[in-house]
Amino acid sequence: EKVEITKEQQALMKVIADAYNRHQIPQDVAKKLLQDQYSAEENFLLLTEMATSQVQVLVEFTKNIPGFLSLNHEDQIALLKGSAVEAMFLRSAQVFSKKMPNGHNEVLEDRIRRSGISEEFMTPMFNFYKSIGVLHMVQEEQALLTAITILTPDRPYVKDQQAVERLQEPMLDLLRKLCVLQHPQKPQYFACLLGRLTELRTLNYYHAEMLTSWRMNDHKFTPLLCEIWDVE
Ligand SMILES: CC(C)c1onc(-c2c(Cl)cccc2Cl)c1COc1ccc2cc(-c3cccc(C(=O)O)c3)sc2c1
């Protein structure tokens, strides 16, 4: 049947896309990836700085999601803590797939591969990056998918799951329509995107292991990362 994006869905798309484009890692921070120190220590510190900056960007983006700030305050924190790693996998995946103009993607891969992460986590991590890359998502899809990830009702400690569902559903409906309109030759495209969200959840477990092994090697995180990841 003819898929139509309603006026209010257009308005929602504009709010989410503008927020996503407005809140990016500052270029001077992203540029640090290109500096020439490549020791495992140096890479870890750089990635820590990127992640910290990314969390700040993520919080600002989340505050622009219509209805988020009217959720119960503890639930707002639970949603951010529960989705931060997944949102950062999505964001860093865009860096790989959008072929950053000044070669960020190669250096990012090198730095991640040489930052004290054990081999067993590299495979699922880079498989995810590849599976996102082949989708060639447009900016609006990336923005909606990030908002949908943040608005996942069944995160740990969320009390009013229905309230979160009521915010997530219109985003899912809009993304479904967008996929049909943007990728008419790929009827399964929307299902593919949702499949990525499932793959993201498994990466949470690998990431928790990564944090543990870094901490066992006495790696330090920033206060913001300690707070969002409940470490130290
Ligand atoms: C604490 C640190 C060691 C860490 O622990 N786990 C992870 C992680 C790793 Cl490895 C992989 C996935 C997820 C996480 Cl969470 C990280 C590093 O996380 C990040 C998080 C976001 C970004 C955005 C970037 C980026 C570059 C250029 C341009 C842009 C841009 O947005 O333009 C973004 S790099 C980057 C690194």
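1. By class, the shell around the ligand holds 17 nonpolar, five polar and one charged residues. Here Ala, Val, Leu, Ile, Met, Phe, Trp, Tyr, Cys and Pro count as nonpolar, Asp, Glu, Lys and Arg as charged, and the others, Gly among them, as polar.

2. The model is predicted: local features need pLDDT of at least 70, side-chain atom pairs count only at pLDDT 80 or more, and totals for chains, interfaces and linings use all residues. Residues are numbered from 1 along each chain as its sequence is written, and side-chain values use heavy atoms, with hydrogens and water left out.

3. Among the 23 residues around the ligand (a heavy atom within 4 Å), F89, R91, Y129, H207 and W214 come nearest. An N or O atom in the R91 side chain is 2.8 Å from a ligand oxygen. For the H207 side chain, an N or O atom is 2.8 Å from a ligand nitrogen. The protein covers 99% of the 740 Å² of accessible area (Shrake-Rupley method, 1.4 Å probe) that the ligand has on its own.

4. Elements giving two or more residues to the shell are α3 (40–63), α4 (73–97), α5 (104–113) and α9 (189–216). The largest share, six residues, comes from α3. Helices are DSSP runs of H or I, at least four residues, numbered from the N terminus.

5. Just after α9, D218 takes a positive phi of about 60°.

Definitions and conventions: Polar contact = N/O pair within 3.5 Å; in protein donor to acceptor, adjacent residues only side chain to side chain.
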